[in-house]
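Work through the exercises below with the structure open. Try each task before reading its solution.

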Amino acid sequence: MKRDWIEVDRGVNGQPFLWRKNSVSRYVMIDVFNPDTVKRCYSVFFFADDPYLSEESNGELIGVGCADTPDAAWSFAYERARKIAEEYMEKN
């Protein structure tokens, strides 16, 4: 990952889920969620501004998916999302 992306916030299990580009206001965020009682899904967003500053921040979806098996742990969905986030940050 490029050095100009820094961790801004950590969530469940102490894993980072929000990064900010050091020189400009650009953010990448991971969201791991349960759409029902059996699935673990994830989404990865890009924000042009700090998503915490406004409830109306609209992020650009750069990745979404669900774990392959219903009993997959939260960490499995997070790792898949993290890979997408890191690939995006490498390119940007």
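**Exercise 1. A salt bridge within the helix**

Solution. 
- Step 1. A salt bridge joins Arg82 and Glu86, with N to O at 2.8 Å. The term requires a side-chain nitrogen of Lys or Arg within 4 Å of a carboxyl oxygen of Asp or Glu.
- Step 2. The two residues are 4 apart in H1, so about one helical turn separates them. Helices (H or I, at least four residues) and strands (E, at least two) are DSSP runs, numbered from the N terminus.
- Step 3. Arg82 counts as buried, at 16% relative accessibility. Glu86, at 29%, is partly exposed. The cut-offs are under 20% relative accessible area for buried, over 50% for exposed, and partly exposed in between (1.4 Å probe, protein chains only).

A note on the source: this is a predicted model, in which local features need pLDDT of at least 70 and side-chain atom pairs count only at pLDDT 80 or more, while totals for chains, interfaces and linings use all residues. Residues are numbered from 1 along each chain as its sequence is written, and side-chain values use heavy atoms, with hydrogens and water left out.

**Exercise 2. The other salt bridges**

How many salt bridges does the structure hold? Find the partners of Lys21 and Glu7.

Solution. 
- Step 1. The count is 3 salt bridges. Side chains of opposite charge can pair when their charged atoms come close.
- Step 2. Lys21 pairs with Asp4; their closest N and O atoms are 3.9 Å apart. Lys21 sits in strand E2 (residues 16-21) and Asp4 in the segment before strand E1 (5-10), so the bridge ties together parts 17 residues apart in sequence.
- Step 3. Lys21 is buried, at 10% relative accessibility. Asp4 is partly exposed, at 26%.
- Step 4. Glu7 pairs with Arg10, the closest N and O atoms being 2.7 Å apart. Glu7 is partly exposed at 38%, and Arg10 is partly exposed at 46%.

**Exercise 3. The surroundings of Asp4**

Which residues does Asp4 touch, not counting those up to four places away in sequence?

Solution. 
- Step 1. Asp4 touches Arg20, Lys21 and Asn22. Contact means heavy atoms within 4.5 Å.
- Step 2. The C-alpha atoms of Asp4 and Asn22 are separated by 5.0 Å, although the residues are 18 apart along the chain.

**Exercise 4. The nonpolar core**

How many residues make up the largest nonpolar core, and which element gives the most to it?

Solution. 
- Step 1. The core has 15 residues; Trp19, Val28, Ile30, Val32 and Ala85 have the most contacts inside it. Such a core is a set of buried Ala, Val, Leu, Ile, Met, Phe, Trp, Tyr and Cys residues joined through side-chain atoms within 4.5 Å.
- Step 2. At least two residues each come from strand E3 (27-33), strand E4 (41-47) and helix H1 (74-91). H1 gives the most, with 7 residues.
- Step 3. Take Val32. Beyond its neighbours within four places in sequence, Val32 contacts Cys41, Tyr42, Trp74, Ala77 and Tyr78.

**Exercise 5. The disulfide**

Which cysteines form the disulfide, and why is it called right-handed?

Solution. 
- Step 1. Cys41 is joined to Cys66, S to S 1.9 Å. A disulfide is a pair of cysteine sulfur atoms within 2.5 Å.
- Step 2. The torsion about the S-S bond is about 90°, so the disulfide is right-handed.
- Step 3. Cys41 lies in strand E4 and Cys66 in strand E5, so the link ties together parts 25 residues apart in sequence.
- Step 4. Cys41 is buried at 3% relative accessibility, whereas Cys66 is partly exposed at 31%.
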